[in-house]
Amino acid sequence: MTTKKIFWQDPYLTELETNVLTVNGNQITLKETIFYAFSGGQESDHGTIGGHPVLAATKDDKELFYTLAEEHGLKAGDVVKIVIDWERRYKLMRLHFAAEIVLELVCQRFPDILKVGAHIAQDKARIDFTWNQTISPFIPLLQQETQAIIDSNQEVMSAFSDEKNERRYWKINAFSQVPCGGTHIKYTGEIGLVRLKKVNLGKGKERIEIYVS
């Protein structure tokens, strides 16, 4: 039995009561979860399970594993309450979707550019590309176009494209539909003000850092 990902159904839910499925030393699995585990460049949530701080959250295929302190004392079948750090989660959601918009705009304008990495943390997001040109002259316009989409406050739809294999996507009408299994905001306006910064990684490598406020 694979953990049911409630964070896809309701990414705004901050508390959930569920059952422990398995216990293997200090690592457990749950029947259901709102606790996102590092995937697709988005960092894991912070919080507690059964009152125990989660030291690590990892994803293996479709299963999510949570590492607690050795003395957690939980057993399979126990009822536990999950509590996540909402301030952190919401900042990750806002930065994640700002990065999604930036990435889509870059790829639409430069079809030959290649994304080679991404990371969404609580303070900033970044996207890395390989390209034989410089993206610097485009940054002011890119920031303007990103902010315009944010300010339009469009609905962000998110659903399964393949529920059996847990493949999901986000969609904004008249803009794009993109595969993604992260946690998403409901409306683009939630992002707020965006600021982009170009970072020089060396010849043929481009990085865009993304900040929101």
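Which helix supplies the largest share of the lining of the second largest pocket? The legends below, which describe a predicted model, take up this question in the first view and then turn to other sites.

**View 1. The second largest pocket and its lining.** The largest share of this lining, 3 residues, comes from helix α1. The pocket has a volume of about 170 Å³, and 13 residues line the second largest pocket, with Trp8, Gln9, Pro11, Ser158 and His184 the closest to its centre. Sorted by class, its lining holds 6 nonpolar, 5 polar and 2 charged residues.

**View 2. Aromatic rings around Trp8.** In the model as a whole the count comes to 11 aromatic pairs. One of these pairs joins Trp8 and Phe160 in an edge-to-face arrangement, with 5.6 Å from centre to centre and 90 degrees between the planes. The pair links distant parts of the chain, since Trp8 belongs to helix α1 (residues 6–9) and Phe160 to strand β12 (residues 157–162), 152 residues apart. Trp8 counts as buried because its relative accessibility is 13%, under the cut-off of 20%, whereas Phe160, at 30% relative accessibility, counts as partly exposed. The two residues also belong to one aromatic cluster, which is formed by Phe7, Trp8, Tyr36 and Phe160.

View 3. A pair of aromatic rings is described by the distance of the centres and the angle of the planes. For Trp86 and Tyr90 these values are 5.1 Å and 20 degrees, and the pair is therefore classed as stacked, the angle being under 30 degrees. Both residues lie in helix α2 (residues 86–109), where they are 4 residues apart, or about one turn of the helix. Trp86 counts as partly exposed at 28% relative accessibility, and Tyr90 is likewise partly exposed, with a relative accessible area of 23%.

**View 4. The largest pocket.** About 370 Å³ of space lies in the largest pocket of the model. Its lining is made up of 27 residues, and those that lie nearest the centre of the pocket are Ser39, Gly40, Cys180, Gly181 and Gly182. At least two residues of this lining are supplied by each of α1, α2, β10 (114–120) and β11 (125–130), and α2 gives the most, with 4 residues. The lining of the largest pocket divides into 12 nonpolar, 7 polar and 8 charged residues.

**View 5. Charged side chains over tyrosine rings.** Lys186 has its charged end over the ring of Tyr12, at 4.8 Å from the ring centre. In a second example, Arg195 lies over the face of Tyr211, 4.3 Å from the centre of that ring.

**View 6. The surroundings of Arg195.** Arg195 is part of strand β15 (residues 194–200) and counts as partly exposed, because its relative accessibility of 44% falls between the limits of 20% and 50%. When neighbours within four places in sequence are left aside, Arg195 is in contact with Gln143, Glu209, Ile210 and Tyr211; Tyr211 is also the residue whose ring face lies under Arg195. Between the C-alpha atoms of Arg195 and Ser213, which are 18 residues apart along the chain, the separation is 8.5 Å.

**View 7. Thr146, a buried residue of helix α3.** Thr146 lies in helix α3 (residues 139–151), and it is buried, with a relative accessible area of 0%. Apart from its neighbours within four places in sequence, Thr146 is in contact with Ala98, Ile101, Val102, Leu105, Val194 and Leu196.

**View 8. Gly77 in a loop between two strands.** Gly77 is found in the loop between β8 (63–67) and β9 (79–84). With a relative accessible area of 46%, Gly77 is partly exposed. Not counting residues up to four places away in sequence, Gly77 touches Asn19 and Val20. The C-alpha atoms of Gly77 and Leu30 are separated by 9.2 Å, while the two residues stand 47 residues apart along the chain.

Note on methods:
Residues numbered from 1 in each chain as written. Predicted model: local features only at pLDDT ≥ 70, side-chain atom pairs only at ≥ 80, totals over all residues. Heavy atoms only, no water. Phe/Tyr/Trp six-rings, centres within 6.5 Å; stacked < 30°, edge-to-face > 60°. Buried < 20%, exposed > 50% of the residue type's maximum accessible area, 1.4 Å probe, protein only. Lys NZ or Arg CZ within 6 Å of the ring centre and 35° of its normal. 1 Å grid on protein atoms, 1.4 Å probe; cavity = no way out; pocket = protein on both sides within 12 Å on 5 of 7 lines; lining within 4 Å. Points joined across faces, edges and corners; volume = space filled by probe spheres on them. Nonpolar A, V, L, I, M, F, W, Y, C, P; charged D, E, K, R; others polar. Contact = heavy atoms within 4.5 Å.
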